[in-house]
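Here's a quick rundown of the model below, starting with charge and then moving on to fold and annotation.

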Amino acid sequence: MSVFVIRRLMQSIAVLVVTALIVFLGVYAIGDPIEMLISHDASPAERAQVILSLGLDRPLWQQFFTFCWNALHGDLGRSFVFNKPTITLIFERLPATLELTLTGLVFALALGIPLGLISGLKPNSVTDEAIMTGSILGFSLPGFWQGMMLIMIFSVWLGWLPSTGRGEMGSFLGIHSSLFTLDGLKHLILPAINLSLFKLSLVIRLTRTGVRETMPLDFVKFARAKGISERRIVFVHVLKNILIPLITVIGMELGSMLAFAVVTETIFAWPGIGKLLIDSIMRLDRPVVVAYLLVIVSLFILINFAVDILYSLIDPRVRLGDQS
Amino acid sequence: MYRKTLLMATVASALLAASLVQAADLTIGSSTEPSSIDPQFSRTGNNQNIAMQVFDRLLETDTTIGIHPALAVSWKNVDPTTWEVKLRDGVKFHDGSPLTAEDVIFSLTRAKNIPNSPAPFSGNVAAIASMKAVDDLTIEFKTKTPAPDFIEQIGFVYIVSKKVAEKATIEDFNSGKAAIGTGAYKFKSWTPGDNISLTRNDAFWGKKQDFDNVTIKFISNDASRVAALRSGAVDLIDAVPPRDIKTLTGISGLKVFSIPSARLIYLAIDSARDKTPFVTDKDGKPLDKNPLKDKRVRQALSNLINRQLIVDRILEGSGEPAGQLVPAGVAGSDPTVTAPAYAPDAAKKLLADAGYAGGFGITLHTSNDRFPGDADIAQALGQMFARGGLKVNGVVAQPYNVYTKAASAQEYSAFIFSLGNSTPTSATGLRNLLMTVNKEAGTGSFNRTQYSDKVFDDMMRQTMAEFDPEKRIQLLQEATKYVFEDTPIIPLYWQKIHWAGKAKVSYEANMTEDTSATLAKLVK
């Protein structure tokens with residue numbers, strides 16, 4: 001186990017360095033931040049002043065090494081646009097995205113697994129057909145359009161739910177979140193649904209396939225022969241087996257939901273990090289883009305690590321670190 | 001029965017009365033968000049929108065960028081390099097302390113030294129050699145060189161309180177601790193990415209505002225912003241996309257407020273160089289001469305463009321055909337310079353005269369995310385040029401952040417750009433866009449094609465040195481007429497910009513593209 005952890009750590013550091021280099025060069029290649037930042041009636045003297053104060057007059061390699069050196073000291077730079085430490089900027093917005101993503105994920109799992117089970121246990125029935133057709137819609141309708149439709153129906157026509165922004169914040173056990181107020185929950189519903197529809201369909205399909213594959217297996221027949229109740233077979237033995245592919249996919253999807261909830265956040269004006277990233281790319285706010293991607297890569301590494309540990313807990317055949 | 005009706009009527013009128021005395025709140029859906037609450041941190045529009053509600057400047061502008069006294073009540077030119085400015089009496093900061101000359105001197109000094117400011121006000125205060133408080137409300141300025149438009153330069157810098165801002169960091173401003181101005185609204189809170197909330201300043205020196213509380217929500221997505229207004233979540237939105245104007249005007253209970261802005265959309269023409277990268281002969285081979293250097297060719301291109309058609313079909317009417325930098329109403333606009341007519345026959349003759357009867361090949365470049373319709377306009381221009389006998393090799397549209405770097409590096413031959421004029425006269429715009437590039441003199445900072453005309457430069461220098469305001473405007477008009485005769489750029493149109501609101505709100509559409517609660521009123 002510890003060998004596994006150490007090796008993982010080494011790999012992670014290498015991945016982080018490579019990411020920093022690629023992103024740094026990439027953003028540099030896109031364009032000139034000065035053009036995006038200065039006022040449209042700036043004088044040449046103002047331009048020179050800005051270039052100097054942001055350190056953009058120095059050669060790229062120098063800028064990169066300064067960045068790496070500072071990063072080693074825990075400083076990921078200051079945003080060109082906001083003049084705030086990038087880490088502050090990111091962690092200021094991360095809670096909003098976490099809240100949205102986790103709600104969306106819970107929604108996808110709480111609805112997806114039961115629906116998938118129903119479909120899988122009664123294949124080709126009317127219910128199965130209905131669920132499968134529904135999931136095709138969830139897959140194929142673009143998220144952007146779905147979001148607009150949700151707003152049109154539930155805010156503009158019916159007037160039931162608010163369409164923009166994060167609601168009032170409440171506090172519970174020292175955690176600030178809009179999950180704890182009614183207004184906050186109302187604001188959360190539409191964006192969370194929008195974010196989760198695709199994952200919901202994915203979970204349904206994965207669960208259904210898993211059930212269909214597992215049900216005819218010998219151990220299920222054996223369990224039946226032993227006289228174990230159908231309930232116990234499905235919810236303990238079958239479910240445990242289909243959880244492994246599900247956890248892999250959900251782990252990856254959680255990461256991508258966190259990092260790239262851009263579309264949902266933009267449509268619903270949700271003050272999360274996805275929106276921060278897209279704005280920063282547009283404005284060529286390089287320190288934010290680099291720091292953001294480093295944080296996200298670290299997050300992916302952590303999630304993958306957690307997924308590996310979970311495997312070993314669910315499936316006794318998996319032994320971490322055995323490969324060596 | 002009668003009694004019941006009467007009772008209901010009484011209840012209803014009581015309810016109505018209650019709703020009338022209720023606090024009036026305004027919620028604005030804004031397309032942009034500031035990067036800081038420090039009013040001097042960035043001069044860009046998104047920051048100014050917030051700054052102008054909490055802070056004041058020496059001057060303020062009206063809807064057509066005319067200047068009016070704000071914190072300064074009068075100013076006088078004692079000799080060419082000395083100015084005396086009188087401040088308004090009785091102005092109080094939000095913390096109750098009075099505005100004095102010391103605060104103004106401090107603010108104008110501070111403007112140069114904002115750490116890491118991406119768009120500083122340093123140019124506005126560059127002319128100042130020294131400042132002296134004559135008394136509490138009078139300041140004497142010495143300028144480095146004679147500066148006739150001195151008051152317009154310093155007049156747009158936001159004034160902060162010396163006591164509060166002296167030791168304040170950018171974080172203190174953002175948290176509200178140092179966000180102490182003299183403006184119509186007091187700063188309450190800022191949730192980045194979500195909203196800013198303000199409350200009315202009852203001790204404001206100017207007109208009393210209609211709204212007790214103002215919330216500005218940041219909704220960058222166009223469709224979401226329009227939906228928020230339609231669902232009633234916000235009372236007023238800015239940057240309404242042209243395609244939604246028709247729908248919104250058709251909805252009862254909603255109103256649209258529009259004005260042709262001073263933002264010019266133009267086609268920049270690489271006319272200064274002997275060779276230009278994206279012009280070829282008809283077979284796509286490079287030319288040894290740059291046809292765009294010939295004034296007749298530039299005029300022909302301009303005459304091939306049907307500006308009204310572009311405005312009607314692509315922008316759904318949200319534009320005003322242009323023939324110069326600023327529209328009528330802004331000082332410096334010359335009434336005799338009109339938008340060039342659509343004249344394909346005259347254009348063909350001009351091309352033939354210049355020796356290009358058979359046309360030549362050209363590639364057009366544009367951004368695709370900067371302003372409504374930017375990519376479509378380039379397509380339309382391509383078709384119009386093709387109809388005039390040119391061979392259009394391509395129309396390339398790119399995201400603005402990629403495009404602008406290449407455009408400034410002179411990598412294109414003909415490309416679409418915009419320039420928003422936010423100063424009271426067209427002088428600053430003309431200086432930046434069309435005067436010869438000269439870093440030391442501070443001219444031509446956005447002259448991306450390196451256009452240069454000695455006579456025009458002299459005319460502009462003379463204009464900028466003229467102290468008599470009327471004479472200055474006249475000289476500016478003459479310079480405008482002279483330079484657009486040469487077609488240094490091809491002006492296309494001035495963007496019409498829109499706000500939309502509920503029936504209970506009215507808004508002053510303005511050329512400076514400001515979205516501010518101070519411009520909104522309650523309809524009674």
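## Charge on chain B

Chain B carries 59 positive and 57 negative side chains, with the centres of the two sets 4 Å apart. Here Lys and Arg are the positives, Asp and Glu the negatives, and His and the chain ends stay out of the tally. Each charge sits at NZ of Lys, CZ of Arg, CG of Asp or CD of Glu.

## Ground rules

This is a predicted model, so local features need pLDDT of at least 70 and side-chain atom pairs pLDDT 80 or more, while totals for chains, interfaces and linings use all residues. Residues count from 1 along each chain as written, chains are lettered from A and ligands numbered from 1 in written order, and side-chain values use heavy atoms, leaving out hydrogens and water.

## Fold of chain B

Chain B has 16 helices and 22 strands (DSSP runs: H or I of at least four residues, E of at least two, numbered from the N terminus). Its radius of gyration is 26 Å, close to the 24 Å that the globule rule gives for 524 residues, so chain B is as compact as a globular protein of that length (C-alpha atoms; the rule is 2.2 Å times the number of residues to the power 0.38). Along the principal axes, the C-alpha trace of chain B spans about 85 × 75 × 40 Å.

Buried residues make up 55% of chain B (under 20% relative accessible area, 1.4 Å probe, protein chains only).

## Annotated spans in chain A

An unreviewed UniProt entry annotates "transmembrane region" in chain A, including residues 100-118 and 188-207. Residues 100-118 of chain A are 100% helix, with end C-alpha atoms 27 Å apart.

Technical notes: Buried means under 20% relative accessible area, exposed over 50%, partly exposed in between (1.4 Å probe, protein chains only). UniProt positions are given in the numbering used here, feature names are shortened, and annotations may be inferred rather than shown by experiment.
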